[in-house]
Amino acid sequence: MARLRVPPCWLAAALLALSSLPALAQPAEGCPPFTAAANRAPHYPPPELWRLLGYVINVIIDTDACGLVDAARVEQGSGVAVLDAAALAAARAWTVPPAHRGQPRYRLPFAFEPLPEAIPAQAGRRPRDPFFDERRSGRVPMPALDADGTLPGYIADPYPIGFLVIPEAIATIGPLALFRRYGGQANFWLHDEEGLSLFQLEGAMMVRNRLVSDGRHRFVVTSVLCGSDLDACRQSLATLRASRGRQRPQAVAVATP
C-alpha cells in the first residue's frame, strides 16, 4: 500500500505542537519503553487515490501518564470518511514521547497527499488528439453541489480519455508517468500540459481521473477506455460508479497581489 506523503519534518512538526504546551508533570515511572518508530503516519488508502487532492486532518488525543492514548477524536476532518478513519486509527496507536508528556490532551496533524512522490512535468512529449486543447484548459463546469456540499464520486469527463485503445495509452504514457502497482491495479501518474491525471488499469478497462476546475473549485472528472471485452468493461464500470464515495470540491487558492 502507498504511504501518505508527509513533509520530511512531519514527526518534528507533531512534536512542536506537543511542546508548545507547558509540561504539567513529570512522566510517570514504570511506563513501557518508548520507540519513536511506533508513531507511524497513516496510509492514503489506494482505492481513494483517484481523489487527487491533499487533506490535513487534525486529531485530538487524550493520554494517560505514560503518553498512551485513551481517546481520540477528529477536530478538523477531511470530509472523506475513509481518510478520517485512517487518521483516527493512527492517532490511537500513538505514544507521546517522554520529553513531551505531562499534558492530558494533544493535537496531532496528519497531512494526506495522494502522490507517492514529486512528479516532474512532462510537456510536449505525447501526441495531441482533437480534444487536447479542451483538456489542457483544465476547465470543466462543476455540477450542482448536494445539500451537504459534496459531488458524486464519479463525474463523467466531458472530453474523451485521449486514446483509442488501451495498448496505445500504455505505450504513450508509460515512459512519461510515475508507475505504481497496488494489488491488481496499475497506476500511472502523469503531470503534463493537461494538468495532473491518474490512469488506472485493472481488468477490462483503463480509467483516467483528471483534476479540473471551474475557476473557483477543484474536483475530479473521470473517463474510461474499454478493452476488447465490452461486457466485462460495462460491469467493471458499474462497479466503479457504485463503489466511489462522494467528493468534496476544494476552493482554488486566489493569488494575492
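Contact here means heavy atoms within 4.5 Å of each other. The model is predicted: local features need pLDDT of at least 70, side-chain atom pairs count only at pLDDT 80 or more, and totals for chains, interfaces and linings use all residues. Residues are numbered from 1 along each chain as its sequence is written, and side-chain values use heavy atoms, with hydrogens and water left out.

View 1. Helices (H or I, at least four residues) and strands (E, at least two) are DSSP runs, numbered from the N terminus. Their pattern along the sequence is α-β-β-α-β-α-α-β-β-β-β-β-α-β. Among contacts between residues at least 6 apart in sequence, 70% join residues at least 24 apart. Of the 257 residues, 44% count as buried; buried means under 20% relative accessible area, exposed over 50%, and partly exposed in between (1.4 Å probe, protein chains only). The chain exposes about 13,100 Å², of which carbon and sulfur atoms supply 58%. Accessible areas come from the Shrake-Rupley method with a 1.4 Å probe, and for residues only the protein chains shown count as cover.

**View 2. The open sheet of 3 strands, in the order β2-β1-β3.** The pairing in this sheet is antiparallel. Its edge strands, β2 (69-76) and β3 (105-112), each pair on one side only. On average, neighbouring strands of the sheet are turned by 30° against each other, direction ignored; the axes are lines fitted to C-alpha atoms, for helices over the stretch in contact, and angles run from 0 to 180 degrees between N-to-C directions. Two strands pair if DSSP finds at least two bridges between them. Strand β1 (residues 55-63) pairs with β2 in the antiparallel sense over 6 bridges. Ile61 stands opposite Ala72 in β2.

**View 3. The largest nonpolar core, with 33 residues.** A nonpolar core is a set of buried Ala, Val, Leu, Ile, Met, Phe, Trp, Tyr and Cys residues joined through side-chain atoms within 4.5 Å. The residues with the most contacts inside the largest core are Val59, Ile61, Phe110, Phe112 and Trp189. The elements giving two or more residues to this core are β1, β2, α2 (81-92), β3, β4 (178-182) and β6 (195-202). Its largest share, 6 residues, comes from α2. Leaving aside neighbours within four places in sequence, the contacts of Val59 include Ala72, Ala87, Leu88, Ala91, Leu108 and Phe110. A second, separate core has 14 residues, among them Ile173, Leu190, Leu201 and Leu225.

**View 4. Aromatic pairs, of which the whole structure has 4.** Rings of Phe, Tyr and Trp (its six-membered ring) pair if their centres lie within 6.5 Å; planes under 30 degrees apart count as stacked, over 60 as edge-to-face and the rest as tilted. The ring centres of Phe131 and Tyr159 are 6.3 Å apart and the planes are at 40°, so this pair is tilted. Phe131 lies in the loop between β3 and α3 (132-136) and Tyr159 in the loop between α3 and α4 (166-173), so the pair ties together parts 28 residues apart in sequence. Phe131 is partly exposed at 34% relative accessibility, and Tyr159 is partly exposed at 23%.

**View 5. The pair of Phe163 and Phe199, which is edge-to-face.** Their ring centres are 6.2 Å apart and the planes are at 65°. Because Phe163 lies in the loop between α3 and α4 and Phe199 in strand β6, the pair ties together parts 36 residues apart in sequence. Phe163 is buried at 9% relative accessibility, and Phe199 is buried at 0%.
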